[in-house]
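Could you look over this model with me before we discuss it? My notes are below, point by point.

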Amino acid sequence: MPTLEQRVQRLEDLEQITGITMQLARHFDNSYHADGVVSLFTDDGVFDGGPFGRYEGLEAIHASSTP
Amino acid sequence: MTEQITFSKHHLATHAIHLAGNGTDATGQWYMWGTHTIGGEAMFLALTWDMHYRKTGGHWRISSQRLDWQFLTPYHSGWVKTPMAV
């Protein structure tokens with residue numbers, strides 16, 4: 001059986017993951033706010049847009065979302 | 001593509017998040033419905049965000065985002081006639 005602390009941690013993890021995903025959508029809708037977008041990615045983050053290109057790392061992702 | 005988008009609304013729904021047992025990795029799938037203006041044209045977008053997350057320094061961050069496209073279609077055409085206007 002997971003402890004109460006482990007159960008709460010799991011809920012906090014799920015809530016934070018949902019939160020950053022919603023923030024990402026809001027940064028996109030805020031005229032593709034590139035600084036906001038990259039603040040949500042890991043340093044080695046990857047954005048793969050399919051036919052719209054693949055970008056590795058914060059610098060590349062930042063450039064991709066700059067209008 | 002982003003320079004051509006003058007208006008966007010990303011709507012996220014029907015998500016599934018899976019936490020790995022190690023406490024620092026997770027995956028997520030989100031349906032995304034978009035109502036955008038692209039190149040001056042009203043567009044409907046339907047895709048799935050295929051996400052990987054990693055916890056670093058106590059914070060969850062996105063380690064990868066992959067767009068799995070279902071359609072990208074002009075409002076006046078529709079996804080049956082024009083599923084992918086790339």
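Here are my points, starting with the ground rules.

1. Ground rules. This is a predicted model, in which local features need pLDDT of at least 70 and side-chain atom pairs count only at pLDDT 80 or more, while totals for chains, interfaces and linings use all residues. Residues are numbered from 1 along each chain as its sequence is written, and chains are lettered from A and ligands numbered from 1 in the order in which they are written.

2. Helix 1 of chain A. Helices (H or I, at least four residues) and strands (E, at least two) are DSSP runs, numbered from the N terminus. Helix 1 of chain A covers residues 4-29, and its length checks out because 26 residues at 1.5 Å each should span 38 Å and the end C-alpha atoms are 38 Å apart; the expected span is 1.5 Å times one less than the number of residues. After the helix comes A:Ser31, with a positive phi near 50°.

3. What the helix buries. A:Ile17, A:Thr21, A:Leu24, A:His27 and A:Phe28 are buried in helix 1 of chain A (20 or more other C-beta atoms within 10 Å of the residue's own; exposed is 12 or fewer, partly exposed in between, with C-beta atoms placed from the backbone). The buried residues of this helix pack against helix 2 (34-39) of chain A, and also against strand 2 (10-19), strand 3 (25-38), strand 4 and strand 5 of chain B.

4. The interface. On each side, 27 residues are in contact with the other chain (C-beta atoms, placed from the backbone, within 7 Å). On the chain A side, helix 1 and strand 1 are the elements that give two or more residues, and helix 1 gives the most, with 12. By class, that side has 15 nonpolar, seven polar and five charged residues.

5. Strand 1 of chain A runs parallel to strand 5 (residues 59-74) of chain B, joined by four bridges; strands pair if DSSP finds at least two bridges between them. A:Asp48 has B:Arg66 as its bridge partner, and A:Phe47 stands opposite B:Gln65.

6. The chain B hairpin. Strand 4 (residues 41-56) and strand 5 of chain B are antiparallel over 14 bridges, with B:Arg54 partnered by B:Arg61. Two residues lie between these strands in the hairpin, and B:Gly57 in the turn has a positive phi of about 60°.

7. A:Phe52. Where does A:Phe52 sit? It is in the loop between strand 1 (41-48) and strand 2 (54-56) of chain A. A:Phe52 counts as partly exposed because it has 15 C-beta neighbours inside 10 Å.

Conventions: Contact = placed C-beta atoms within 7 Å. Nonpolar A, V, L, I, M, F, W, Y, C, P; charged D, E, K, R; others polar.
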